[in-house]
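Please keep the model in view while working through the numbered points.

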Amino acid sequence: MTDDRGTQISFSEPPSRVVSLSPHITELVYSLGAQDQLVAVSEYSDFPPEALSKPVAGGYGSVNAETLMSFRPDLILAWPDNASAAILQRLEKRGVPVLRSDPRTFADIANNLRWIGCALGRPDRGEALAKEVEDRTEVLRAEFSGRSTVRVFYQLGAEPLMSQNSTTFIHQAITLCGGENLFADAIAMAPLVSKEGVIALNPDVIITAD
């Protein structure tokens, strides 16, 4: 299979000692029904709730090679953040397989389900879940494409006041369901905004993150 960075890898049998280094990866592994293969997860892996019972191997910027090796992984599934890149490269040189998951679109989520499903020996389950994501996306697109556009301010945090730009899943969900993200063109992924700026844009609806 090929991961999101183009790394190709094959296994003679499915890995049985997998470490997840991102909450979204943990969720995908559980959705595939492969949680018994997880020996450790990342910090903030809280969905499904059962993931909270797994040992924590590290978090963003706090990955430690010795801690990872203590779990004797035969596969590490990681988000390709710069903070842990050097450590993961060291482990790869020591023979530990590392695959990187970096979905940016709904289509990428489907693709991740396919290749992670293959990696964990569950290709049929991965394909079925990927098809569900693709079908659900098309249903929503068809349902909302003909409706009047709703001007949306998505509030991510109140102090400081932030929103989301066009590179995020939040933006994709808004546009998929017939909304116009008022801060889509912001340079930062989570731009700082002012109350006055929001009022000036005159949103039809404000959606807040809890």
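1. A residue is called buried when its relative accessible area is under 20%. The model is predicted, and the term applies to it as follows. In helix α1, which covers residues 23–31, the buried residues are Ile-25, Thr-26, Leu-28, Val-29 and Tyr-30. An α-helix has 3.6 residues a turn, so residues three or four places apart point the same way. What covers the buried residues of α1? The cover includes strands β1, β2 (38–42) and β4, together with helix α4 (106–119). Just after α1, Gly-33 adopts a positive phi of about 75 degrees.

2. Burial may also be considered for the chain as a whole. The protein chain has 210 residues, and 41% of them are buried. The chain exposes about 11500 Å², of which carbon and sulfur atoms supply 53%. Its C-alpha trace spans about 55 × 35 × 30 Å along the principal axes.

3. The secondary structure of the protein chain consists of 7 helices and 8 strands.

4. The next topic is a sheet of five strands. In which order do its 5 strands lie? The order is β3-β2-β1-β4-β5, in an open sheet with parallel pairing. Strands β3 (56–58) and β5 (98–100) stand at the edges and have a single partner strand each, so one side of each lacks a neighbour in the sheet. From one strand to the next, the twist averages 25 degrees.

5. Strand β1 (residues 18–20) pairs with strand β4 (residues 75–78) in the parallel sense, over 3 bridges. The bridge partner of Ser-20 in β4 is Leu-77.

6. Helix α3, residues 82–93, lies across β4 and β5 and runs at about 140 degrees to β5. Ala-83 belongs to this helix. Ala-83 and Gly-61 are 22 residues apart in sequence, yet their C-alpha atoms are 4.8 Å apart in space.

7. A further sheet contains 3 strands. They form an open sheet in the order β7-β6-β8, and the pairing is parallel. The edge strands are β7 (179–181) and β8 (205–208), each of which pairs on one side only. Neighbouring strands of this sheet are turned against each other by 40 degrees on average, direction ignored.

8. The pairing of β6 with β8 deserves a separate remark. Strand β6 (residues 150–155) and β8 pair in the parallel sense over 4 bridges. Tyr-154 has Ile-207 as its bridge partner in β8. Helix α6, residues 169–176, lies across β6 and β7, at about 150 degrees to β7.

9. How far apart are the mean positions of the positive and negative charges? The protein chain carries 18 positive and 27 negative charges, and their mean positions are 4 Å apart.

Key: Residues numbered from 1 in each chain as written. Predicted model: local features only at pLDDT ≥ 70, side-chain atom pairs only at ≥ 80, totals over all residues. Heavy atoms only, no water. Helix = DSSP H or I, 4+ residues; strand = E, 2+ residues; numbered from the N terminus. Buried < 20%, exposed > 50% of the residue type's maximum accessible area, 1.4 Å probe, protein only. Areas by Shrake-Rupley, 256 points an atom, 1.4 Å probe, with all protein chains shown as cover. Lys, Arg positive; Asp, Glu negative; His and termini not counted. Charge placed at Lys NZ, Arg CZ, Asp CG, Glu CD. Pairing = 2+ DSSP bridges. Axes fitted to C-alpha atoms, helices over the stretch in contact; angles between N-to-C directions. Contact = heavy atoms within 4.5 Å.
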